[in-house]
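Dear colleague,

I am handing over the structure below for your attention. My notes on it follow.

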Amino acid sequence: MTMMKRSFFFSVLLLLVAVTLAQLTLAPGAAAQSTSDPMTDGILSFRNGEYDEAVSSFEAALEADPQNAEAHFLLARIFWETPLRNVGRAGEELEKAIALEPDNVQYLVASLQQNKADASNFITEKIRESKRRDLARAILELDPDNSFAHEEMGSIYIRDFWRYRNALMYPALTFNEYKYRSSTTIDPMAGYLVDQVNEFDQAQGNEPSEPLNSELIGAVEANYDPNSIFMADEFDVETLKSQGIPVMDLSNRAQKAYDKAIMHLGKALEMDPRQRTVYDHLMEIYALKGEYEEAMSMLSQMYVFFPEDSQLWTYLGYTHYNLGNMDAASKSFETAFKYMTPGEQQAYEGLEHILPREEKKAYEADKLAYASRFWTSKDPRYLTPYNERRMEHYVRLTYADLLYGAPDLDLRGWNTERGAILVRYGPPQGDVVIIPRSTSGVRQGVDPVSGTRSDPTGSVGLALDVGRRGTDMDLAEEANTFNIWDYGEFKFVFEDPFRNGEYRLYSPSASEIADGSLPWANDYTIKAKETFLETPERYEYEAPGRQVELPYMVSSFRGQNGQTDLIVNYGIPITEKLKDGQDVINITASTGTFVVAGNRDMLVERRNVIYGLRTEQIIPFIDTQLWINTVEAEVPPGKHEVSVEFETAGGGTVAVQRREVDVHDFSGDGLSMSDILLAYRIEDTADGKPVIPSDVVRRNLSIQPAPWSVFGVDQPIYLYFEVYNLEMDEDGTSRYDIEATLTPKEDGNAVGRTVGRLLGRDTEGVSVRLPITVPSETDGQFLILSAENQEPGLYLLSVKIRDTVSGDTVDMEQDLFLDEPLSDAQN
């Protein structure tokens, strides 16, 4: 994809005249010497870069022999590939050569390459596309194994696959035309479009599409409510469908185009496996179709001939990633960086397309360091040796370049509008092409005034008639198609006014706004900027293997030197039924607990491999049982992201949970308290060691923390907390009161509370009050609450501290869910 068409044309022509040059004995760089043959003089001058002299020699040869096709051909080369570049003159000379020798395959291949030059409008592109198709077919008639012709036919069928793979046509509506709000008339342009479809079908040997008829129009008149569809959003495809608008789905034609493309491109490689651009074409259509196994087979052949091509390795990374071979994908992208140009490396390493605007200044200050922190914070699984989010970024860049790159314009896919959006958000959930509207009722090759076919060749006659008669038809409007990308919460609409595949974000014209188009609803250049600000990028990770929920809770306590002690306690769901006397469940697994700061620095990185789960750490519940474990760390206060991960050996079961937490700052002088640490057991430990490995020890208490706020109604509720900055009296003691309450949430089940009262349960909750006196300004306490008389449901646990010396108060609240009696689970 990175090769320029001009240089490719040079390579082709160089091969075509290789025999002629090989016959010359002049060493490269030696001065050309005049001979009696102007053709030889011209070739010698051409080889030595003396292009003006070469032109004079070939023109002299033509004066002597006007039928000299080779002289015309070499002049075409000079005016195409040298500093004397003159596209018009090159085309004229090549046409003269072909006119003299119409069956010369070399000349036909050269013309094929010339007609690949980028077109400025859709009419020119349509003419060139048709000419390339005719040239390729003519070449294959003369040389059935010609790799260049097979490549061209393959690329043509790729374009057909692009056109039809997700295309919808509304033959009974003039799309995006506000005059149809109160009427329903057939869109004359649809006839032209159906003609296009039929032309493709006939080329494939298929039956043509159904003609437009009065029944179709009647169906529209009966079911179509224009006001409900076009009041604001002109591109609401689902509303169109729900209104019963007849839709012609063209995607079934895509498979035939795909098969033809693969056949021709496969033949091109068979004849010349070093034809580099064929691999790009194959990778493009394999990626579009999602045929990754076929792509891998093709890339194995590409590796033989281009082992140091950076795109080979990005293609391999892309393909491995989509096949789920993450290790291989990571290594492929690493290898690609070894062979990339500096510009490619900058594109793959840069964050310009996905970084929030408020972070760009910090990024510009130190791109390398900031990118490292950025990707670390975005990594969805810290346990793996690779960063899935960063690889997804590489995959999106590769895909964008495959689909939207324009090598002849030296434009990489990620620098196009569609490519940049794909890099931000990935492939859309919905990708639909709407085939166009008409303002003039023009069919291909039909006079817009008389309605008769003015030119059997189609587009040329159409353009001439428009220029001659001065009709007010707008060719750009005639040609426009729309590509709608739907991401659920937002969407983008692109237009292709020149029908050359170079889409841009749609913005209604002044005439459309005057006719009633609402810019706030339909100007996607504006809407795209708003979306970029609100959602700079999107990525949703899906873990492989069986995914399980991994509950965890985070609690903050005052630490040393302004730090905060963070306790992360999590529970791993256990499905195995325990046997009597069983001490260990034979499972090998990896666990990880990670804390990432708001500035994207990694604060905590704890990894552990567990060889067997001790059953004494398992707590049963009604519907599950949890293996409990705890991680302690010191972190600075602030908003951080905590990630807890679990993965069995081999990746069969995976759990990834991540959320933002507010880590409290306890450095102030006022009365404060820690979070409420819920627990299943708290007991004294004289030696300061935990009773079991998963316990956390605070103030000589061994605590088995709860990974979630769920307790059976018959299960004691342990809670631990600490109080800081108590005021001491003149005797050096602190006195404070504790009030702990467990009350039903207001949004609980009123019927359930009524039933609870009938059964003799206390529906007003649980309350505990007690005074505390300690010889210190800090203290740690635990309480045990009994909820045996409470009904199951959602409760609010509140702990309030009142310093009786200073009169200050502080409190903490925690939601808590009471489940059915735990004895039911054990039975």
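Which residues of helix 23 are buried? They are Arg418, Gly419, Ala420, Ile421, Leu422, Val423, Arg424 and Tyr425, where buried means under 20% relative accessible area, with a 1.4 Å probe and protein chains only.

The model is predicted: local features need pLDDT of at least 70, side-chain atom pairs count only at pLDDT 80 or more, and totals for chains, interfaces and linings use all residues. Residues are numbered from 1 along each chain as its sequence is written, and side-chain values use heavy atoms, with hydrogens and water left out.

Helix 23 spans residues 417–425, and eight of its nine residues are buried. Helices (H or I, at least four residues) and strands (E, at least two) are DSSP runs, numbered from the N terminus. Among the elements that cover the buried residues are helix 9 (147–164), helix 22 (388–404) and strand 4 (482–486). At the N-terminal end, threonine 416 caps helix 23, with a side-chain oxygen 3.1 Å from the backbone nitrogen of glycine 419. Glycine 426, with a positive phi near 80°, follows the helix.

Strand 12 is joined to strand 13 (residues 625–635) by three bridges, and proline 620 has glutamine 625 in strand 13 as its bridge partner.

With kind regards

Notes
Pairing = 2+ DSSP bridges. Buried < 20%, exposed > 50% of the residue type's maximum accessible area, 1.4 Å probe, protein only. Contact = heavy atoms within 4.5 Å. Polar contact = N/O pair within 3.5 Å; in protein donor to acceptor, adjacent residues only side chain to side chain.
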